[in-house]
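Here is a friendly briefing to read alongside the structure.

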Amino acid sequence: MNYPAPCWLPGGHLQTIYPAKCISKPEVSYRRERWDTPDGDFIDLDFVDGRKDLPFIVLFHGLEGSSNSHYARALMAHISSLGWSGAVVHFRGCSGELNRAPRFYHSGDAPEINWILRRLVPYARTRGAGKFYATGVSLGANALLRWLGESQHQAEIVDAACAVSAPLDLAGGGGALSRGFNMIYTRVFLETLKPKCVAKLAQFPGLFNRDAMLQSRDLYAFDNIVTAPLHGYLSTEDYWHRASAKHVLKDITVPTLVLNARNDPFLPAKYLPSKASDKVTLEYPAHGGHVGFAVGSIPGKLNWLPQRMVRFLEGSAA
């Protein structure tokens with residue numbers, strides 16, 4: 001299923017920005033549940049309820065994403081049309097309310113993925129779901145791949161998985177986002193991350209250096225001050241190295257699609273891994289941008305990516 005990039009939407013930047021900002025997102029009717037975490041915090045999940053005998057699909061969103069992100073709405077609308085059930089898991093602090101614990105979320109958060117899936121899979125099964133599929137986008141895709149690789153056969157509680165636009169090499173991606181036009185994406189992320197950090201300091205004074213955080217201008221500096229120390233890493237370098245999903249692709253035993261466009265501004269093509277386990281399909285189309293993959297004539301549609309994901313999942317778990 002080759003991605004047919006529209007001739008009117010050239011280049012990785014346009015293919016990234018236009019789908020996220022300019023294409024109408026489909027309507028989705030969500031049902032929200034709040035789950036308490038093992039460490040006394042909470043997460044919010046937005047569910048789509050379908051037929052009991054059909055598959056269930058979970059989506060882990062990207063950095064500062066949510067169930068309202070264009071890719072989330074597109075996927076949940078598509079599976080709803082098929083009668084499937086699903087859920088978008090909000091990472092901590094991403095559902096519209098600040099979380100309680102002295103932490104946020106990060107690209108290597110396999111333990112977080114683990115407890116969520118080990119609760120969510122039985123939850124779906126007891127409600128009659130047939131197959132259970134796990135998917136992730138961007139940061140969520142990297143974290144999902146880390147869980148799949150670290151868990152190996154224990155991850156086979158899910159029938160198949162998809163990882164879209166994962167920053168497989170965090171150092172390569174972080175460096176790319178710190179240069180040139182790519183800084184526009186970094187600024188967008190920091191515009192929402194910094195207020196959350198200020199609010200977090202009100203909860204936990206002295207948790208990190210407020211002035212240094214506010215002065216950070218790229219993800220390297222931000223991760224060094226906030227993300228790395230809050231989540232058990234020594235530094236940005238330590239975090240970017242240890243959390244990169246490229247290191248565990250060879251260990252994955254669940255049928256998994258890794259879909260990354262070669263013109264993704266967030267991860268230059270030279271950093272895309274060429275080797276993985278025989279359960280992993282590495283699919284690197286020339287075009288698509290970062291979680292873009294718009295199709296059709298102007299104004300474009302968002303339906304190619306959900307269709308590609310579902311086709312892979314159904315085919316792999318048949």
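How much space lies in the second largest pocket? About 150 Å³ of space lies there. Please keep in mind that the model is predicted, and that every value below is computed from it.

**Pockets**

- Of the 15 residues that line the second largest pocket, D49, G50, F56, S85 and R127 are the closest to its centre.
- Strand β2 (42-48) and helix α3 each supply at least two residues of that lining.
- Sorted by class, the lining of the second largest pocket holds 7 nonpolar, 3 polar and 5 charged residues.
- The largest pocket has a volume of about 680 Å³.
- A lining of 24 residues surrounds the largest pocket, and A20, K21, H70, V188 and F189 lie nearest its centre.
- At least two lining residues of the largest pocket come from each of α1 (12-21), α2 and α6, and α6 has the largest share, with 5 residues.
- The lining of the largest pocket divides into 11 nonpolar, 10 polar and 3 charged residues.

**Cavities**

- Searching the whole structure turns up 2 cavities of 30 Å³ or more.
- The largest cavity has a volume of about 360 Å³.
- Its lining consists of 24 residues, with L63, S107, L139, L219 and D223 nearest the centre.
- Elements that give two or more residues to this lining are α5 (170-176), α6 (183-203), α8 and α9 (236-243).
- Helix α8 has the largest share of the lining of the largest cavity, at 5 residues.
- By class, the lining of the largest cavity has 15 nonpolar, 8 polar and 1 charged residue.
- The second largest cavity holds about 80 Å³ of space.
- Of the 13 residues lining the second largest cavity, Y71, A74, V291, L305 and P306 lie nearest its centre.
- Two or more residues of this lining come from each of α2 (70-81) and α10 (304-316), and α2 gives the most, with 5 residues.
- The lining of the second largest cavity has 11 nonpolar and 2 polar residues, and no charged ones.

**Nonpolar cores**

- The largest nonpolar core has 62 residues, and L145 and L148 have the most contacts inside it.
- Helix α3 (residues 110-126) provides the largest share of this core, 9 residues.
- Another core lies apart from it and has 30 residues, among them L75, M76, V88 and F312.
- Not counting residues up to four places away in sequence, L148 touches A155, V158, A161, D251, I252, V254 and T256.
- As background, nonpolar side chains in soluble globular proteins tend to be buried together.

- N142 is found in helix α4 (residues 139-151).
- Why does N142 count as buried? Its relative accessibility is 0%, and buried means under 20%.
- Beyond its neighbours within four places in sequence, N142 is in contact with S107, G108, A166, P167, L168, A243, S244 and A245.
- V226 belongs to helix α8 (residues 219-230) and is buried, with a relative accessible area of 1%.
- Leaving aside neighbours within four places in sequence, V226 is in contact with F104, C197, F208 and M213.
- V226 and P265 are 39 residues apart in sequence, and their C-alpha atoms are 24 Å apart in space.

**Salt bridges**

- The count comes to 19 salt bridges.
- D49 counts as exposed at 52% relative accessibility, whereas R31 is partly exposed at 30%.
- What do the side chains of D44 and R32 form? They meet in a salt bridge, at 4.0 Å from N to O.
- D44 lies in strand β2 and R32 in strand β1, so the pair ties together parts that are 12 residues apart in sequence.
- D44 is buried, with a relative accessible area of 2%, while R32 is partly exposed at 43%.
- R34 also forms a salt bridge with D44, with the closest N and O atoms 2.8 Å apart.
- This pair links R34 in strand β1 to D44 in strand β2, 10 residues apart, and R34 is partly exposed at 39% relative accessibility.
- A network of salt bridges links R32, R34, D44, D46 and E97.

Note on methods: Residues numbered from 1 in each chain as written. Predicted model: local features only at pLDDT ≥ 70, side-chain atom pairs only at ≥ 80, totals over all residues. Heavy atoms only, no water. Helix = DSSP H or I, 4+ residues; strand = E, 2+ residues; numbered from the N terminus. Buried < 20%, exposed > 50% of the residue type's maximum accessible area, 1.4 Å probe, protein only. Contact = heavy atoms within 4.5 Å. Core = buried A, V, L, I, M, F, W, Y, C linked by side-chain atoms within 4.5 Å. 1 Å grid on protein atoms, 1.4 Å probe; cavity = no way out; pocket = protein on both sides within 12 Å on 5 of 7 lines; lining within 4 Å. Points joined across faces, edges and corners; volume = space filled by probe spheres on them. Nonpolar A, V, L, I, M, F, W, Y, C, P; charged D, E, K, R; others polar.
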